[in-house]
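Dear colleague,

Please find below the structure that I am handing over to you. My notes on what was found in it follow directly after.

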Amino acid sequence: MTPNIHDPQLTKQLFGDDFAWGVSTAALQTEGSCDIDGKGPSIWDTFSTKKGKILDNDKPTAACEFYENYERDIDLIKELNIPNFRFSISWSRILPTGTGSINQAGIDHYNKVINYCLEQGIEPWITVYHWDLPQALEDKGGWTNRAIVAWFTEFTTVCAQSFGDRVKNWMVMNEPAVFTGAGYFLGIHAPGKRGLRNFLPAVHHTVLSIVAGAKVVRKLLPHAIIGTTFSCSYIEPYSDKLKDINAAKRADALINRLFIEPIIGMGYPTNEVVALKSISKYYQPGDEENISFDFDFIGLQNYTREIVKYSFFTPYIGASLVKAEDRNVELTAMRWEVYPPAIYQIIKKFNAYPQIKKILITESGAAFPDQVVNGQVDDPKRITYLQTHLQQVLKAKQEGYKVSGYFVWTLTDNFEWAEGYRPRFGLIYIDFKTQQRIIKGSGKWYANFLR
Ligand code: GCO
């Protein structure tokens with residue numbers, strides 16, 4: 001089905017004047033120039049040199065060349081009528097070894113990006129940390145080392161002091177469940193560590209760091225609007241059998257609640273996942289007061305739904321995901337189910353927490369196998385994905401649930417972590433050999449919607 005580009009049921013006006021529309025990116029996925037102007041290596045620069053870790057052994061060395069050519073892509077954001085641009089700061093550009101001496105060239109670079117956005121009338125939104133830890137800190141244990149709370153506070157302080165006079169909207173961290181789960185438990189993302197003995201301290205130090213970072217921004221920039229972002233999937237049990245229902249609850253605790261609940265003052269969800277109780281080993285006196293913060297907003301990032309089944313063989317959690325490809329459903333190039341009601345359910349779920357004041361969708365989007373035909377990229381599936389998800393966001397809003405922003409993931413095709421350059425999530429196509437850009441049909445649709 002080719003969607004109606006001028007769908008009268010879906011207009012920007014229906015979401016209200018104060019709804020924030022945007023697009024999200026991340027430093028490591030777009031910048032390239034990994035060792036330019038004094039930048040130190042990040043864990044992804046190192047991880048991607050190990051054979052077999054990234055699909056096709058792709059590397060983020062060049063990515064979208066955003067570092068060198070940021071003006072070109074910010075011009076495209078303007079051309080697409082997108083008023084808000086969310087991007088992250090590369091820690092090892094600012095502090096090449098993570099702590100200690102500051103690299104002025106890194107600060108100058110982000111000043112140029114911020115200033116250019118403002119000159120084009122685009123509001124910059126900063127994510128302080130989007131997964132690219134300086135390798136020098138990983139060499140000292142990374143997120144498993146409690147000293148990281150001080151290192152992260154130092155990095156956040158430099159960011160707030162350098163950019164806070166012009167940047168109003170801050171997100172302390174992106175998707176802690178993914179970088180700790182994939183990077184410190186499953187070993188499939190950088191730095192490739194595994195097991196509970198890495199995962200549990202990484203979780204606790206991440207929570208302490210999110211709160212410490214938020215406090216520093218609040219102290220240095222009393223007028224800043226401070227959020228942090230979480231990945232979340234709508235979870236349903238495989239059957240109405242009690243053991244599947246309980247397995248789904250455990251998966252929900254791990255996937256959706258592990259970080260958000262402590263941060264809003266509820267503690268870790270240890271009743272559902274008993275293995276999490278050992279996190280107390282990493283507590284120090286006073287931590288109870290330092291694991292929660294009154295955020296101005298929470299960013300939710302949703303892509304799909306997961307179906308969960310009881311599994312005797314899965315350690316710690318006794319639950320497994322029923323793969324979307326075994327469920328005869330529509331899939332994206334990530335093999336994730338296309339299920340628009342998931343985003344509505346997620347908004348509804350997090351509206352039930354009275355501590356959450358404001359919700360923004362800080363990522364939503366899909367990868368499909370786009371192709372250039374006669375110099376054009378038609379991607380009707382992505383247009384349908386965005387429209388059907390926006391209809392669900394609108395439904396939530398009209399039913400009275402808080403939700404006040406929507407940021408598409410992402411501007412251009414980019415380096416999709418362990419999946420390399422194959423999954424294409426962009427509104428804009430990139431030929432990675434020539435770095436040529438082509439605005440996809442979905443980009444034109446979004447531009448028209450935002451006009
Ligand atoms: C995340 C990250 C993005 C990903 C996107 C698609 O949500 O995992 O924020 O960096 O590229 O989500 O997987």
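In which hand of crossing does α8 pass α9? The crossing of α8 past α9 is right-handed; a crossing is called right-handed if the near helix is turned clockwise from the far one by less than a right angle, and left-handed if anticlockwise.

Before the details, a word on provenance. This is a predicted model, in which local features need pLDDT of at least 70 and side-chain atom pairs count only at pLDDT 80 or more, while totals for chains, interfaces and linings use all residues. Residues are numbered from 1 along each chain as its sequence is written, and side-chain values use heavy atoms, with hydrogens and water left out.

Helix packing around α9

Helix α8 covers residues 176–184 and helix α9 residues 196–220. Helices (H or I, at least four residues) and strands (E, at least two) are DSSP runs, numbered from the N terminus. The axes of α8 and α9 come within 9 Å and cross at roughly 155°; axes are lines fitted to C-alpha atoms, for helices over the stretch in contact, and angles run from 0 to 180 degrees between N-to-C directions. The two helices, α8 and α9, are therefore roughly antiparallel (angles over 145 degrees count as roughly antiparallel, under 35 as roughly parallel, 65 to 115 as roughly perpendicular and the rest as oblique). On the α8 side, P176, F179, T180, G181 and Y184 meet N198, F199, A202, V203, T206 and I210 of α9, where contact means heavy atoms within 4.5 Å. By class, the residues of this contact between α8 and α9 are 7 nonpolar, 4 polar and no charged. Here Ala, Val, Leu, Ile, Met, Phe, Trp, Tyr, Cys and Pro count as nonpolar, Asp, Glu, Lys and Arg as charged, and the others, Gly among them, as polar.

Helix α9 also packs with α7, at an angle of about 30° and with the axes 9 Å apart. The pair α7 and α9 is therefore roughly parallel, and the crossing of α7 and α9 is right-handed. The contact joins I148, V149, F152, T153, T156, T157, A160 and Q161 in α7 to H205, L208, S209, A212, G213, V216, V217 and L220 in α9. It comprises 9 nonpolar, 7 polar and no charged residues.

T156 deserves a separate note. This residue of α7 (residues 148–163) is buried, with a relative accessible area of 0%; buried means under 20% relative accessible area, exposed over 50%, and partly exposed in between (1.4 Å probe, protein chains only). Leaving aside residues up to four places away in sequence, T156 touches V128, G213, V216 and V217.

Helix α12 (residues 341–351) and helix α13 (residues 380–398) pack at about 30°, with axes 7 Å apart, which makes α12 roughly parallel to α13. Their contact is made by P341, I343, Y344 and I347 of α12 and H389, Q392, V393, K395 and A396 of α13. The residues of the contact of α12 with α13 divide into 6 nonpolar, 2 polar and 1 charged.

Nonpolar cores

The largest nonpolar core has 130 residues, and W44, W91, W143, F163, W170, Y406 and Y446 have the most contacts inside it. A nonpolar core is a set of buried Ala, Val, Leu, Ile, Met, Phe, Trp, Tyr and Cys residues joined through side-chain atoms within 4.5 Å. Helix α9 supplies the largest share of this core, 12 residues. Another core, of 7 residues, lies apart from it and includes A247, A248, V308 and I317.

Backbone points to check

Most residues other than glycine have a negative phi, and most peptide bonds are trans. The peptide bond from A190 to P191 is cis, with omega near 5°, and P191 is placed in the loop between α8 and α9. The bond from W409 to T410 is also cis, with omega near 15°; T410 sits in the loop between β11 (405–409) and β12 (428–431).

N81 has a positive phi, near 60°, and is partly exposed at 28% relative accessible area. Y316, with a positive phi of about 70°, lies in the loop between β8 (305–310) and β9 (319–322).

With kind regards
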